[in-house]
Structures are given as structure tokens and as C-alpha cells.
Amino acid sequence: MTDNNNIMIGRQPIYNANLGVFAYELLFRSADESSKGISGDEATSQVVINTFLEMGLDNLVGTRHACINLGENHLLWENIPRIMPERVILDLPRNLRTSDDAIQSVEKLKQSGFTLAINDFSDTPQYEVLIDYIDIIRIDVKSLKYEETRKHLQGMQRYKKIMLAERIEELDDYELYTELGFNYFQGYFLSHPKIVRGHSISNNRLSVLNLIAAINRPGMDVIELENIINKDIALSYKLLKLVNSALFGLSSKVESIRHCIVLLGRRQLVSWVTLMALGSMDDRPREMLQLSMVRARTCELMAEATQHRNRECFFTVGLLSALDILMQQPLAGILKHLPLSRDIQLALLKRQGDMGEALNSAIAFELSEWDKVKYKSLSRMEMVKINLQAFKWANEICRTLREG
């Protein structure tokens, strides 16, 4: 039996053409992945099933779909929980042997209500028997030249299936394959900044940057901070709405920014206002903000778990680490506009110090780089819980902000 306490979980987003997340592919790794006569694929399948039941769908993917890779042993597919199958995409294994028994197993999954996807589909007799059961066809765009991908996509169009381009690593590639006609896109391309060379920061983003700089200025007193926030009516409204939401669980209603400062403290309020200022950039996909929020909360929770002081600074480091992605400018240039402490700057630019180590681990989780997921004395399971908690928190914040 695989030990669930030794499981690492990653999520790779699957985006629609508007850069909204349609689904998360769940990536599981275990230290006991191949032991005692059980194949690696079978062990992985067991890990997926056990973890799925233990952690719950909403905790793993929020309101999105979950995409899960099936092991090659189709006999184990019977064990997949038939819980909310309409929200689960099952990836058939590469090189699936299309025996009568395997086809029957595929048919049962389809009849149960699962969405089925397949990699590297080709219009050969071996695969033709599967096409009626398939909803999504994946194409690995890194394994083909652009012209080969175009022809392959054209050849698949007669099947009228959803086409997913995987291994998209740059925003330019996303734009290229969107124009080609793909429906969904998978990869870590939102984690990598698209730097627009020779362009100045737009007025909208510059105003956000100026606000962040103003509220982070050292030595600012409470009255000045209150005045800066009150000048932005939309920001003040959203901040009060958020603080009064169920997320904060306050016993009495907060009706002023001054009251917010008293309850939260200056440093925490600055963190929240920074977050909401970034969220006001309507020209950037909402998922980019959520990415930075997960980083911020992950860093903060690691600081809390290791009893580090200045948890708010860890939050700030995580939040600002995605400024280059949001602003489409080099991070070093952006930080010149912000009055941040040397420790925060070193953490952001060089990943130095405790905050830099925490940020490294948060981004490693984001990219499923398991060997880099470590921080101080925290165990593997503690890190998993922190990441799950951060993901859930970011989902709740984004939902509250949308409702506002």
C-alpha cells in the first residue's frame, strides 16, 4: 500500500482561449512509487485514487475540472471513484493497447460520465476504435515543428473534438497556437514573464506601481496611509467589502479604513492593499493574480510554520515576485520604483535569505519541481498541506473579489 503521507501533489493548469483556467492536471509523486512487485504505473494509479478520496476534489482544484492520468493497467480503472465524474478528465495512457477488454474499460468510463482525453492520437485502425469515446485530443507541440502541428491539427478537425496544445512554455507560443485553432492550452507559460522590450509601463500599471510604492514607503504614519487609501474610492470599497466577508470572520462590521488599520495592523493592511491594487489591473488575466496570491500565501504559511517573524514580509515577497509577469517588464527595473527593504529586494532578485528560500520553494511547487520543494525543518506532508491551504485561500479571495 502506498503511504499517502509521502505524496507530493502538483497542479498544471489547462487554459481556455481567454486565459481562464478550465482544469488542473493533477501530478502525483510518491517515494514508494515502485515497490514490492507492483509496477510504477499501477502504484501511481493507486496513489491517485487514495489521494483523490482523502483530499477531496474541491480542495485540489477549486471549482475547476480535475485532469488525472490513468495507468496502463485498465483493470485498475474500476477503482476510480465515480464522484462528480462530470468534473473529471481522465487521460488515457500513451500506447494504450486497444484489446477488446481495454475498449470495454474505456466504454465504462465514458458511460460513467467522465471526459476522456488521449495523447498523440493518430488516425490508424488501432486508434479509430477509440474515437467515439474521446472528447479531447492532446497534441505535444514541442515534439513537432509548427508546420507539422498545423497539418496534424487540420487532419484531426474532421473528428470535431476539443483540441489541446500541451507543453506551451511561453506566452508567444500560446498566442501562436491560439491563432492556429486550438481550444485549450497546457503548460507553465503564465509562470514565465513576457518582457515587452522598448515599451514603457502603461498608465494603468504605472498608477498601480505608484500606489504600491506610496503605501510601502518607510516611516509613513497611519493618517497618511489612511488618506492614500481613501483617495481611491473603488479600492476603499473593495477593501471594506473583503474585510467584512466571511473570510475574516469578524464579529462586528468594519466601516472605515481607520478601523481596518486598527484591526489588521499597518503591515498587514499594506499587504492587502498591495494585493488589491494588483487585482485592479483589468488588462491582465485574473489567473496571473491568483498565481501571485498562491505564492504569497505559501510563503506566509511557511514563515508561520517555522515561527519566523515578519510573516507579512514573506507575503509581500511572494506577491511581488510575479510583478514581471503582471507588468511585462524586467523585475529589477520595476523594483527600482519601490521603496522595499534590502532583505525583500535580495529575496526577489537573488532568492537570498529565508524569504528567498521560501519563494524558491513556492515556485517549485508551482512548477512541480519536487527536488526544490523544501523549507527549513518542514516535512513533506507539512509542505503539501501548506500548498493546499494556499491554493484554497487564493480561490476564496478571487471569488470574493469577483463578487465585489
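Student: What should I keep in mind about the model?

Tutor: It is predicted, so local features need pLDDT of at least 70 and side-chain atom pairs count only at pLDDT 80 or more, while totals for chains, interfaces and linings use all residues. Residues are numbered from 1 along each chain as its sequence is written, and side-chain values use heavy atoms, with hydrogens and water left out.

Student: Why is Leu-109 called buried?

Tutor: Buried means under 20% relative accessible area, exposed over 50% and partly exposed in between (1.4 Å probe, protein chains only). Leu-109 has 0% relative accessibility, so it counts as buried. Leu-109 is found in helix H3; helices (H or I, at least four residues) and strands (E, at least two) are DSSP runs, numbered from the N terminus.

Student: Which residues does Leu-109 touch, not counting residues up to four places away in sequence?

Tutor: Contact means heavy atoms within 4.5 Å. Among the residues that Leu-109 touches are Leu-70, Trp-77, Leu-90 and Leu-116.

Student: What makes the buried residues of H3 lie on the same side?

Tutor: The buried residues are Ala-102, Ile-103, Ser-105, Val-106 and Leu-109. They cover an arc of only 155° around the axis, which puts them on the same side of H3; the arc is that of the directions from the helix axis to the C-beta atoms. On the other side of H3, Asp-100 and Gln-111 are exposed. Strand E4 (88-92) and strand E5 (115-119) are included in what covers the buried residues of H3.

Student: How do you know that H8 is roughly perpendicular to H9?

Tutor: Helix H8 (residues 222-231) and helix H9 (residues 233-243) pack at an angle of about 105°, with their axes 5 Å apart. That makes H8 roughly perpendicular to H9, because angles of 65 to 115 degrees count that way, with under 35 roughly parallel, over 145 roughly antiparallel and the rest oblique. The axes are lines fitted to C-alpha atoms, for helices over the stretch in contact, and angles run from 0 to 180 degrees between N-to-C directions.

Student: Which residues meet there, in H8 and in H9?

Tutor: Ile-229, Asn-230 and Lys-231 in H8 meet Ile-233, Ser-236 and Leu-239 in H9.

Student: Finally, why is Phe-314 called buried?

Tutor: Phe-314 has a relative accessible area of 1%, so it is buried. Phe-314 lies in helix H13 (residues 311-320). Leaving out residues up to four places away in sequence, Phe-314 touches residues including Cys-299, Met-355 and Tyr-375.
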